Amino acid sequence: DAEGAWVIVHEPKTKVDLTAYIETHNFRFDGAFGEATTNRTLYAGSVAPLVSHLFAGRIATCFAYGATGAGKTHTMLGSPQEHGIYSL
């Protein structure tokens with residue numbers, strides 16, 4: 001949507017006096033996808049719209065960010081069972 005996708009992280013913390021509390025962080029992205037999202041769905045929702053910009057002579061960037069083991073390489077390269085972003 002026009003607002004993008006919000007990801008809210010609730011981070012447990014401890015004060016100096018050992019009181020526990022939760023610090024909330026709000027992040028806004030053009031889109032956010034859950035762990036069950038297929039590469040094809042991710043491509044259709046994030047990458048495919050960039051292709052028309054490229055063919056119009058514009059610049060586009062697809063940036064994969066996440067923790068080690070989160071699936072960035074699988075998303076970009078794919079596997080024998082599921083094509084990655086590069087080949088879609």
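Close-up 1. A patch here is made of residues with over 30% relative accessible area and no salt bridge, with nonpolar side chains joined within 5 Å. In this predicted model, Val-9, Phe-27 and Phe-29 make a nonpolar surface patch of about 250 Å². Take a moment to find Val-9, which lies in strand β1. Its relative accessibility is 36%, so Val-9 counts as partly exposed.

**Close-up 2. A salt bridge between Lys-13 and Glu-23.** Searching the whole structure turns up 1 salt bridge. Here the side chains of Lys-13 and Glu-23 meet, with 3.2 Å from N to O. Lys-13 belongs to strand β1 (residues 5–14) and Glu-23 to strand β2 (residues 20–29), so this pair ties together parts that are 10 residues apart in sequence. Lys-13 is partly exposed, at a relative accessible area of 29%. Glu-23 is also partly exposed, and its relative accessible area is 27%.

**Close-up 3. Lys-15 over the ring of Tyr-21.** Look next at Lys-15, whose charged end sits over the ring of Tyr-21. The distance from that charged end to the centre of the Tyr-21 ring is 5.6 Å.

**Close-up 4. Looking for aromatic pairs.** A pair of aromatic rings is described by the distance of the centres and the angle of the planes. To pair, ring centres must lie within 6.5 Å. By this rule, the count for this model is 0 aromatic pairs.

Technical notes: Residues numbered from 1 in each chain as written. Predicted model: local features only at pLDDT ≥ 70, side-chain atom pairs only at ≥ 80, totals over all residues. Heavy atoms only, no water. Phe/Tyr/Trp six-rings, centres within 6.5 Å; stacked < 30°, edge-to-face > 60°. Lys NZ or Arg CZ within 6 Å of the ring centre and 35° of its normal. Salt bridge = Lys/Arg side-chain N within 4 Å of Asp/Glu carboxyl O. Helix = DSSP H or I, 4+ residues; strand = E, 2+ residues; numbered from the N terminus. Buried < 20%, exposed > 50% of the residue type's maximum accessible area, 1.4 Å probe, protein only. Patch = residues over 30% accessible without salt bridge, like charges linked within 9 Å, V, L, I, M, F, W, Y side chains within 5 Å. Areas by Shrake-Rupley, 256 points an atom, 1.4 Å probe, with all protein chains shown as cover.
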